[in-house]
Amino acid sequence: MNGIIKVGSSVGNNRFLVAIRDAFMLPFTLTTGAAIPLIMSNVFFHKNSMIAGFIKSAKGDKDWTSEGLEWVHKLIGSPLENVFWAVMAGFAIYVAVGMGYFLAKSYGKDGIIAAALSVAVFFAMKPLDGVNQVVVGGDNAGEVSTFATNFLSTNGMLIALLASMLATWMYCKLMDVKWLVPKMPDAVPPMVAKAFGAIFVSAIVLTSFSFLNSFWNVLATEVDIRGEISATTDNNGVITTTTYSRQLATLFIALEFGLAKPLMGLSGNIGVTIVISFLVAFFWFFGIHGTNILTPVTAIIWDANVLRNTAYWSLWKTGRYGTDYWNDVINVSGVDQAGLMPIPMAGLGYVGGTGATLGFLIGLLIFTKSKVHKDIAKLSIVPGVFGINEPVNFGVPIVLNPVYFIPYTFGFVLTYTLGHVWILIHWIRPGVVWTPTMPYGLNVLFATDFDWWSILVSVIQLAISFLVWLPFVFIGPKYQEKVEEKARLKKEVEKQARLAAKAAKTKEQEVLAQA
């Protein structure tokens, strides 16, 4: 047990994993904030919103009804939706900033400079040198570079993470080399001294990444790693413009196809869901924040794809791309996406938090005769509804309590996996909106943009949680009573032994005094 706690603590305190976790919190704070106006638009102001559907049902789909809803959407709905698109547009940049800042702080170095350097390195890898047009004939003959921004969003997330991590590590190590850091006079303001102190180090880091990218470009170009996108012809059928991708000759595409896509492809894998959910609950059982430990993995495999689904859903709702959101192909941030990604939804698995403990709390409130456990349940039920279960984890306690290991770990695997199954069999759609903290049930309803089947599925998930925990509602308090009784008897025996020893010592002293 001590070995597990030691390993978990070591992993959880690893500076790189902690920095990855914190780096993703930066964009997810923004996406959660952007989700609020997006939800408002989806519910009230989108031309295909729930309220619009009620109006059409009541008034009929007349011209004035459609035009009025269209105007409401343009004046109110679109500005609300644009908040989300603004956040999505720079997702990779936010990851680079967060990674640079938090990793540098862990080394005791300036986080702001490291964050700026991380962004500069990201651009040095040339995500913008994307598509070239070759114009044949005429005054405009030649090759024209265009501004490709698709890798500034989630498509560039992985290379932003890796490049900023390596760049910041280099920055921190080189800043410890004294002859690379100019010594400024004491009269120079601290911020100016910091800026001048990092000049040579920044030059080395930026140049290194620029050469790395250039080397790859030359290597990839030599083997002609590029592909034609489209060709334009004149009235005689002669090709006048050919558009081809030079992104294939960059590390962005290399990592996108070689690493990012395979990792993101795991998002719909049920085996991955089982393993991750087990590890989260397993670490939590030993008092280690399993969610934080697994965040570097889940952020890449699942969380980024939630944002892709959000972007897909916003485009699909316009009605221009078809009627089947499981299969319709839509270009999202420069990449064709064939339907919503069937990723698991945390709201369905975390029924009251890790361990799906909401069913346990309900069982304690209804059935337990233990006053202590009932009081703990009363204090824990409201936080539990919002997915916060530290009060019950450490109050009962569940953590390190062997009687609760099975329902806490394997029960959580069951609810999380079933939550994924409902999506895989298309009973409900996956999360299409990144929702802020909400009560259980409502979080799933809002995350699916009012898929009404989600209410039934949430009830089923809660019922499963209740049934899994029900035997332990009776077993747990009895076991706890036995443990407490055993501890009480042990204390009593120890007390009697101390009294006997004291009495024997007193008698011995009396005998010696008489002698």
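Guide: Before we start, helices here are DSSP runs of H or I with at least four residues, numbered from the N terminus. What you see above is a predicted model, where local features need pLDDT of at least 70 and side-chain atom pairs count only at pLDDT 80 or more, while totals for chains, interfaces and linings use all residues. Residues are numbered from 1 along each chain as its sequence is written, and side-chain values use heavy atoms, with hydrogens and water left out.

Visitor: Let's begin with helix packing. At what angle do helix α6 and helix α7 pack?

Guide: Two packed helices are described by the angle between their axes and the distance between the axes. Here, α6 (residues 111-124) and α7 (residues 157-174) pack at about 130°, and their axes are 9 Å apart. So α6 is oblique to α7. The axes are lines fitted to C-alpha atoms over the stretch in contact, with angles from 0 to 180 degrees between N-to-C directions.

Visitor: Which residues in α6 meet α7?

Guide: On the α6 side you have Ile113, Ala114, Leu117, Ser118, Val121 and Phe122. They meet Ile159, Ala160, Ala163, Ser164, Ala167, Thr168 and Tyr171 in α7. Contact means heavy atoms within 4.5 Å.

Visitor: Now the rings. How many aromatic pairs does a search of the whole structure find?

Guide: A pair of aromatic rings is described by the distance of the centres and the angle of the planes. The search turns up 28 aromatic pairs in the whole structure. Rings of Phe, Tyr and Trp (its six-membered ring) pair with centres within 6.5 Å, and planes over 60 degrees apart count as edge-to-face. Take Phe405 and Phe410: their ring centres are 6.3 Å apart and their planes stand at 80°, so that pair is edge-to-face. Phe412 and Tyr416 are edge-to-face too, with centres 5.5 Å apart and planes at 65°. Phe412 and Tyr416 both sit in helix α17 (residues 405-424), four residues apart, which puts about one helical turn between them.

Visitor: Is Phe412 buried or exposed?

Guide: Phe412 is buried, at 0% relative accessible area. Buried means under 20%, exposed over 50%, and partly exposed in between (1.4 Å probe, protein chains only). Tyr416, at 6%, is buried as well. The other pair reads otherwise: Phe405 is partly exposed at 23%, and Phe410 is partly exposed at 46%. Phe405 and Phe410 also belong to a cluster linked by ring pairs, along with Phe278, Phe282, Phe283, Phe285, Phe286 and Tyr408.

Visitor: What does Ile276 touch?

Guide: Leaving out residues up to four places away in sequence, Ile276 touches Leu294, Val297, Thr298 and Trp302. Ile276 lies in helix α11 (residues 270-285) and is buried, with a relative accessible area of 6%. Thr298 is 22 residues away from Ile276 in sequence, yet their C-alpha atoms are 8.2 Å apart in space.

Visitor: And the backbone? Which peptide bond is cis, with omega near -5°?

Guide: Most residues other than glycine have a negative phi, and most peptide bonds are trans. Here the bond from Val396 to Pro397 is cis, and Pro397 lies in the loop between α16 (390-395) and α17. Leu400 lies in the loop between α16 and α17 as well; its phi is positive, near 60°, and Leu400 is partly exposed at 39%. Asp449 has a positive phi too, near 55°. Asp449 lies in the loop between α18 (442-447) and α19 (453-514), and is buried at 8%.

Terms used. Helix = DSSP H or I, 4+ residues; strand = E, 2+ residues; numbered from the N terminus. Parallel < 35°, antiparallel > 145°, perpendicular 65-115°, else oblique. Phe/Tyr/Trp six-rings, centres within 6.5 Å; stacked < 30°, edge-to-face > 60°.
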